[in-house]
Amino acid sequence: MYKFKTYQYGIALAICLIAAGCKTPAPEAAITTSTPVPESFGTTAQAQDADNNTASLNWKDYFKDQNLIDLIDTALKNNQELNITLQEIEIAKNDIRVRKGLLLPTAGIRAGAGVEKVGRYTSQGAGDATTEIKPGVETPDPLGDFTISAYANWEVDIWKKLRNSKKAALNRYLASVEGKNFVITNLIAEVADSYYELIALDNQLDIVKQTIKLQTNALEIVKVQKQAARATELGVKKFEAEVLTSQSMEFDILQQIKETENKINFLLGRYPQEIKRTNNNNFLSLLPAVVSSGIPSQLLANRPDVKQAELELAAAKLDVKVARAEFYPSLDISTAIGVQAFKPSYLFTMPESLLYSLAGDLVAPLINRNAIKAEFASANSKQLQALYNYDRTVLNAYLEVSNQLSKIENLQKGYDLKSKQVDALNTSIDVSNDLFKSARVDYFEVLMTQRDALEAKLELVDTKKEQLNAAVHVYRDLGGGWK
């Protein structure tokens with residue numbers, strides 16, 4: 001009777017300990033995004049129509065320059081950063097296979113051999129000495145042990161811990177795919193940016209060369225005037241200095257052209273070579289692509305970085321569920337079947353050599369609860385990090401598009417004004433030269449007019465480049481290029 005009560009008390013105590021070990025922290029508040037996306041981008045620069053979004057265009061249809069299309073196509077095949085990202089996708093895919101494998105039983109085959117010698121004056125040694133394996137056959141000393149068996153172990157996924165872990169790995173795989181799409185979008189934009197910069201530099205180089213010719217002609221005129229005592233040595237030296245300044249600028253632009261070509265070659269994953277590009281004579285007549293921004297909520301579906309952040313948030317939520325499941329008991333089932341004997345010749349003597357086992361273990365955490373609590377707290381903090389990152393990514397996407405739409409509008413207004421400025425300065429150069437020849441203005445006014453005209457022309461080319469780049473950037477920021 002006493003033993004029976006002790007057994008009952010032991011069972012009750014075990015149940016209480018398991019219940020205490022299974023107690024989980026209070027659930028956190030629901031994790032949701034904080035601020036909805038505005039209904040518009042707050043600009044009238046481009047039409048905002050849900051049925052008309054530039055991001056849906058394939059990049060080969062968006063860009064019209066065949067040389068640029070060929071460069072982008074090469075970059076998508078050879079770019080090292082993109083290839084590194086593709087390997088990250090393979091790593092994430094393999095992680096799914098690992099998580100999937102944990103849901104299944106592990107099985108194997110085991111073979112072993114050993115020998116045991118126990119002391120004669122021990123309970124086991126004395127028992128073996130008086131025991132016969134078969135009638136008339138004593139227990140060998142030392143005693144061999146040969147085993148061949150198959151075994152299996154399986155953790156029963158009662159609380160969906162392993163399934164949630166697999167789902168989290170799947171979401172991270174999908175996030176890595178979106179990360180690859182984001183790399184593609186940025187790679188296309190970077191190649192296009194560098195290409196337009198290269199053409200702009202070609203155009204600026206031509207402008208500088210033309211200016212050098214103009215300044216050289218003016219220098220010759222000053223020299224003639226000096227011989228006729230109508231100009232001084234100071235005027236000659238000022239014109240010479242201006243010519244040398246422009247010649248120095250020419251070599252600066254040549255260096256920039258070389259560096260830009262090498263940048264494009266790097267993006268294309270190849271060693272330096274000349275970049276084939278469109279003739280720059282009509283650069284200023286190039287028109288940026290017409291952009292339709294759609295509505296802001298479409299960024300959630302079109303922007304790869306937003307979708308990546310959303311998937312990482314979903315994975316972080318599942319990680320919290322996995323960490324919570326660590327507080328609950330785990331059920332492990334193990335089994336084995338095989339043959340075992342003290343001599344190899346007896347291994348397949350049935351049923352004497354047959355062995356089998358079947359066991360189930362229900363384990364609940366008790367002593368190491370602090371470690372599990374810490375893991376749960378870390379998982380919850382990472383979930384909050386993922387939420388903040390998602391909100392930040394959406395906000396950044398909206399602001400990038402808004403900035404680019406505004407930039408397109410303002411650049412067009414600025415370009416129109418700079419075009420008028422260049423036209424006025426071109427006219428003023430001819431006027432100043434005529435007046436200088438008739439000695440009605442001095443050399444200083446001619447120099448300043450040529451210098452102002454050069455700066456205005458270079459700025460006009462820069463503005464055109466910014467216009468073309470803005471069209472590239474808004475295409476990228478809307479989420480175009482990866483589809």
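Contact here means heavy atoms within 4.5 Å. All panels show a predicted model, in which local features need pLDDT of at least 70, side-chain atom pairs count only at pLDDT 80 or more, and totals for chains, interfaces and linings use all residues. Residues are numbered from 1 along each chain as its sequence is written, and side-chain values use heavy atoms, with hydrogens and water left out.

**Panel A. Helix 3 against helix 6.** Here helix 3 (residues 66–78) meets helix 6 (residues 161–227), with axes that come within 10 Å and cross at roughly 140°. That angle makes helix 3 oblique to helix 6: under 35 degrees would count as roughly parallel, over 145 as roughly antiparallel, 65 to 115 as roughly perpendicular, and the rest is oblique. Axes are lines fitted to C-alpha atoms, for helices over the stretch in contact, and angles run from 0 to 180 degrees between N-to-C directions. Helices themselves are DSSP runs (H or I, at least four residues), numbered from the N terminus. From helix 3 come Asn67, Leu68, Leu71, Ile72, Ala75 and Leu76, and they meet Ile184, Leu187, Ile188, Val191, Ala192, Tyr195 and Tyr196 of helix 6. Sorted by class, this contact has 12 nonpolar, 1 polar and no charged residues. For the classes, Ala, Val, Leu, Ile, Met, Phe, Trp, Tyr, Cys and Pro are nonpolar, Asp, Glu, Lys and Arg are charged, and the others, Gly among them, are polar.

**Panel B. Helix 6 with helix 7.** The axes of helix 6 and helix 7 (residues 233–267) come within 8 Å and cross at roughly 165°, so the two are roughly antiparallel to each other. Their crossing is left-handed, and the contact has 20 nonpolar, 10 polar and 12 charged residues.

**Panel C. Helix 6 with helix 9.** With axes 8 Å apart, helix 6 and helix 9 pack at an angle of about 165°. Helix 6 passes helix 9 in a left-handed crossing, and the contact residues split into 12 nonpolar, 7 polar and 9 charged.

**Panel D. The largest pocket.** Some 13 residues line this pocket, and Arg172, Asp319, Ser378, Ala379 and Lys382 lie nearest its centre. Helix 9 (304–325) and helix 10 (369–437) are the elements that give two or more residues to the lining, with the largest share, 6 residues, coming from helix 10. By class, the lining has 5 nonpolar, 2 polar and 6 charged residues. On a 1 Å grid over the protein atoms alone, a pocket is an open set of points where a 1.4 Å probe fits, with protein on both sides within 12 Å along at least five of seven lines; lining residues have an atom within 4 Å of a point.

Definitions and conventions. A crossing is left-handed if the near helix is turned anticlockwise from the far one by less than a right angle, and right-handed if clockwise.
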